[in-house]
Amino acid sequence: MEHAQLIHLLVIGVVSALILYGILSSLRGKELFIRRLAGIDAIEEAVGRATEMGRPILFSVGLGGVEIETFQALAIASYVARLAARYRNRVIIPVIDTVIYTIAEEALREAYAEAGHPEAFRPEDVRFLSGSQFAYASGVIGIMNRERVAANFFFGPFAAESLILAETGQSIGAIQIAGTASILQVPFFIAACDYTIIGEEFYAASAYLSRDPIHLGSVVGQDYSKIALAAFTLAGMIVATLATRWAELNGLLKFLTGGQ
Amino acid sequence: MFQPVESTILNIALMALCVLVSVIFLGILHNVPPNLRMRVIMVVTFIAGLYYPLEFFIPDGTVLTPLRNRYLTPFLNPIGDAVAVMAAFTVGIGITNLCIVHARNISQRREGWGNSVVFFISMILMFVVTLANHYAPNLFCKATADGMMTPVQAAFSIMFDGVYTALNATVFSLLAFFITSAAYRAFRIRTAEAALLMAGALIVMLGQVPVGMWLTHWIPDESIFRFFRFEVLSEWLLANINMPAQRGILFGVWVGALAMALRIWLSLERGGYFGRQF
Amino acid sequence: MRVARISDLILTTLSRFQQVDRRIIYVLVWILIGFPIVAPHVGIHLPVLPMYPTRAARSFFEAVESVPNDKVILLACDFDPGTLGENGPQCRSVIEHIMRTGKKFIIMGLDQVGPTIAQAYAEELAKKYGYKYGVDYCNFGWITGGQMFLERMCRDLHAAVKQDKAGTPLSEIPMMKNVRSAKDIGLVVEFTGSGLLPLYIATFNAQFGVKLAQGCTGIIGPEQFPYLDTGQLSGLLVGLKGAAEYEEMLNVVGGGKRAMLPQSAGHLLIIILVALGNIGMWVARRAERR
């Protein structure tokens, strides 16, 4: 099957149409509902606690480069920075990518300016550590220990270094909140962090905080798509089961499975 | 489809022409209003992103199939080569950015500037030794006996196997310590769900190691109680409890990836950092 | 009275287990995992524990055995030094199996370092089985371009790859004369610690019907089971245990089997610590209620 079959085209078409419907509805001004996530309250609590203790906050945007997950992590970082900037608390953002370094520096500067304290912004709080996964992890745990951070935020794409970061933060007594779409790292964050935003909630959280209509519409459109896919799966399951009894359904089954 | 031309002068002329066209194009883009620039980017992104979906999604046996076979499929290799060349340039961009950031650290004597000096020394050393190992392994002397390394090969082996590989593996191995301490601290049975989780974890952990298998090896392989052997029970948990959950998660992941691809292709990310002028 | 004091002492000691200093835990891990690894080098011979291969590992073994002799096996070594501990023994034992069956294979990788590591294994085993580079195996090296490039490889290998790792054109490599596309590949085996399997499923398996097998790290193992269930994966080796299972089927003692004792020790330590932690928690709670 070097090229798609008709059924693949139909499924992709329906799923894409639902996603685009969500986005276009949102752009036209339709109010889309996303429930308030408990993780957002935890973010505010963590920033508050760090401010009370007079110690800085660390926000890691993960291993990603110029990709959507990293940008959505930066949107949450901006929110955290605006909260922290109100009380002139520091937010340290270590990054692994040089392009993200530039964008993170700009985002942090804007957050302090919006909060009315541009003078509190320190360019050296955005640090490019390394392009390598474990060198980055070593650098971050060094920052945690030297700066004695009170709150850690881990948002974005993570890999094996997730537990190294989270466990080190645990050992220094920092309150930790993680959010990642990297499902395989979620168990490690759950074990070591105080609050974890899991998978899809990460996209929903960044859409909720940024109130960007495109992100909001995309999240809602994806929900519609998943319902459609579940319905399609159920239909296929029913046809496959009935086809064992009625051979006439084999043609339909072959169509649904793309001829395989 | 496109065959390489064996002519140095023509190749140099073509490269110079490409550089000239790129400079002119970038110059024009730089000077036009931002709205127009954005529209050009949107159109180019849309057209570039249209090729692969069209080539793959036009099914066999339709009126469009001959057009696909004639005008789309033959371009797979040249376009793939072009993408590979662009990807190769991003490696260069990455290295350039790294050098700029570290050079700034050194020139401004920022905190930790000594590490940036170490970066430059390490990068240059690794670069030189790797090139020498690839192109001139016998630079100083030939290998004297079978299995003996030349000084260049030894230097590469020390830096790659002895330093880079060992450091990478060492930091990764920290996970063994952290997993143990995290598991000890986090796995406390306070609810019924936690007890269920603990039982499942215990079975899977013991099913992964020979000691666990040995604990239940006395259950005969042919008996109906074979199910209770740790490795069988562990496999059942992974294949029947874990697998449907993973499949559900996969649905969400790939729908999310499709949504992301659609937003980039249709340039719908203009609200975020993509649309900003830096 | 004495009994009450002794029982209080026991209960107090048990309740302390809910907060063991992490440094003690790290030392225990270091000793229990380090000792079995170091012991053979100082003349202490520890037993090699027997392994019982799982269904997924046996399927992997059969997938390699059933590759027709006129087709090659593609080893996609998508791992780096960080996951060498798990993917390394898997890769080595599969290469040994392939050489035993006399089949030809190609090494490549979407990671920079994986193909180099696999090449070292192949060169070492080639001396034992009489394999020659270029005739029985070759190495394309690091491949960039992700899924797009894999699709191009499937359609026209020579046009996509052009030359091997050393720069030799594929047309000059004897074994590549009859290997032109995915139709000439009998099995793709991927070794990885990251989620690259969907790229191979979308290209080699879904589009061109080539069988796939994977050796992955323990962390991503559970994620691959849906593909095993649907038949998109013909076999799966998970972590060091997977390598040990494969070595058991090959009847060799390699890195996988040797690592089973320290791995067993590590798992038992975690289980004992978790049990002690819970016992300490319950005892402390009971004491508080009293």
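Hi everyone, let me start with chain C: taken over C-alpha atoms, the centres of its domain 1 and domain 2 are separated by 42 Å. Those domains are 2-45 + 262-289 for domain 1 and 55-252 for domain 2, with bounds that come from an automatic or database domain assignment.

A word on ground rules. This is a predicted model, where local features need pLDDT of at least 70 and side-chain atom pairs count only at pLDDT 80 or more, while totals for chains, interfaces and linings use all residues. Residues are numbered from 1 along each chain as its sequence is written, and chains are lettered from A and ligands numbered from 1 in the order in which they are written.

Now the other chains. Chain B has domain 1 at 1-71 and domain 2 at 189-278, and 42 Å separate their C-alpha centres. The contact between them takes 5 residues from domain 1 of chain B and 4 residues from domain 2 of chain B; by contact I mean C-beta atoms, placed from the backbone, that lie within 7 Å. In chain A, domain 1 covers 6-31 + 214-256 and domain 2 covers 38-211, with C-alpha centres 36 Å apart.

On to the interfaces. Between chains B and C, 38 residues of chain B are in contact with 46 residues of chain C. Which helix of chain B gives the most to that side? It is α6(B), with 11 residues. Helices here are DSSP runs (H or I, at least four residues), numbered from the N terminus. The chain B side divides into 25 nonpolar, 9 polar and 4 charged residues. For those classes, Ala, Val, Leu, Ile, Met, Phe, Trp, Tyr, Cys and Pro count as nonpolar, Asp, Glu, Lys and Arg as charged, and the others, Gly among them, as polar.

Chains A and B meet through a helix pair as well. Helix α4 of chain A (residues 98-114) packs with α4(B) at an angle of about 50°, their axes 9 Å apart. Axes are lines fitted to C-alpha atoms, for helices over the stretch in contact, and angles run from 0 to 180 degrees between N-to-C directions. The two helices are therefore oblique to each other, since angles under 35 degrees count as roughly parallel, over 145 as roughly antiparallel, 65 to 115 as roughly perpendicular and the rest as oblique. Thr98(A), Val99(A) and Tyr101(A) make this contact with Gly94(B), Asn97(B), Leu98(B) and Val101(B).

Buried means 20 or more other C-beta atoms within 10 Å of the residue's own, all placed from the backbone. Among the buried residues are Phe149(C), Glu151(C) and Arg152(C). Their cover includes α4 of chain B, along with α7 (157-161) and α8 (197-205) of chain C.

Last, the cores. A nonpolar core is a set of buried Ala, Val, Leu, Ile, Met, Phe, Trp, Tyr and Cys residues joined through C-beta atoms within 7 Å. The largest has 175 residues, and Ile57(A), Ala77(A), Val80(A) and Ala104(A) touch the most other members. Its largest share, 13 residues, comes from helix α3 of chain A (residues 68-85). A second, separate core of 8 residues includes Ile23(A), Val255(B), Ala259(B) and Leu268(B).

Thanks, happy to chat!

Technical notes:
Contact = placed C-beta atoms within 7 Å. Buried ≥ 20, exposed ≤ 12 C-beta atoms within 10 Å, placed from the backbone.
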